[in-house]
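Please have the sequence and the model open while reading.

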Amino acid sequence: MIEPLPRLSDRHFRAIAELVEQQVGIRLPENKRLMLEGRLQKRVRALGYDDINEYVDRLFDEDLFDAELIHLIDCVTTNKTDFFREPFHFDFLCDTAVPELLRKIRGRPLKIWSAACSTGMEAYTIAIVLDDLQRNGGPSFQFRILGTDISTGVLQLAEEGIYTKEMIAPVPEAMAKRYFLSSKDKSRSEVRIVPELRRSVAFMRMNLMDAVYPVDRDVDVIFCRNVLIYFDKPTQCKVVERLCSHLRPGGYLIVGHSESMIQNQSIKLKQVQPTIFKV
């Protein structure tokens, strides 16, 4: 049985919490201390430290900081996601947004950005519904999807596009048969997104706290769902403002069901539905 590591001291917890909020905007109040300790234990042991407080001290060493910060961020970020999460957003995309946007973009590919994409399920859901729309009598068009996240670990999973069969349970059966390939190894309960759909999605590491985003400024739709809730109000305002600067006129910003608070911010957005906004 593995012995638990010593608890984080107050000083070391505050140091980590301040660093995380500064780097990624995520607040870690006192009631998150046990969660933080639990998530860091595996990393601390991998580096050979016996004491989690020693890890925190070493983290701030100049020769270790840059390389270790990525691993720390992977430990503390929450990556809850599902296929077809909040499905009414995808209905709106296909039924309302796409027909309207196609009349304006004059033949260029439709551009959709999945910010905070986690393991890629949101980005691939978008690709699935857009392809399915065309297969079922909708207009013919090209699309490009960008997925970004701060966690290198989840981005690697997203690029591979491999999931367990349990993970794709929310996908309608006909879509699951068309857009996922089962593993040739029957002992592995895994599926993979079909190659043509994987080619339509690109993934990139990006921090929403950065002052500048390396993303096109004529994006048609941005999904930024269930991440703003981790930021304080001033940070929410700045992130939403930066996101909207990458939307083309008439483009849509789609947020999570608990994030409709952005309508109260001083940003010129028209609310279309409680969680859907238009610039």
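Which residues of helix α3 (residues 52–59) are buried? They are I52, N53, Y55, V56 and L59. The model is a predicted one, and it holds 11 aromatic pairs.

**Helix α3**

- An α-helix has 3.6 residues a turn, so residues three or four places apart point the same way.
- The N-terminal end of α3 is capped by D51, with a side-chain oxygen 2.7 Å from the backbone nitrogen of N53.

**Aromatic pairs**

- A pair of aromatic rings is described by the distance of the centres and the angle of the planes.
- Among the 11 aromatic pairs is that of Y124 and Y163, whose ring centres are 6.4 Å apart and whose planes stand at 80°, so the pair is edge-to-face.
- Y124 belongs to helix α6 (residues 121–135) and Y163 to strand β3 (residues 162–164), so this pair ties together parts that are 39 residues apart in sequence.
- Both Y124 and Y163 are buried.
- The rings of F141 and F143 have centres 6.2 Å apart and planes at 55°, so this pair is tilted.
- F141 counts as buried because its relative accessibility is 12%, under the cut-off of 20%.
- F143, at 14% relative accessibility, also counts as buried.

**Ring cluster**

- F83, Y124, Y163, F180 and F203 are linked into a cluster by ring pairs.

Terms used: Residues are numbered from 1 along each chain as its sequence is written. This is a predicted model: local features need pLDDT of at least 70, side-chain atom pairs count only at pLDDT 80 or more; totals for chains, interfaces and linings use all residues. Side-chain values use heavy atoms; hydrogens and water are left out. Buried means under 20% relative accessible area, exposed over 50%, partly exposed in between (1.4 Å probe, protein chains only). Helices (H or I, at least four residues) and strands (E, at least two) are DSSP runs, numbered from the N terminus. A polar contact is a pair of N or O atoms within 3.5 Å; within protein, one must be able to donate a hydrogen and the other to accept it, and residues adjacent in sequence count only if both atoms are side-chain atoms. Rings of Phe, Tyr and Trp (its six-membered ring) pair if their centres lie within 6.5 Å; planes under 30 degrees apart count as stacked, over 60 as edge-to-face and the rest as tilted.
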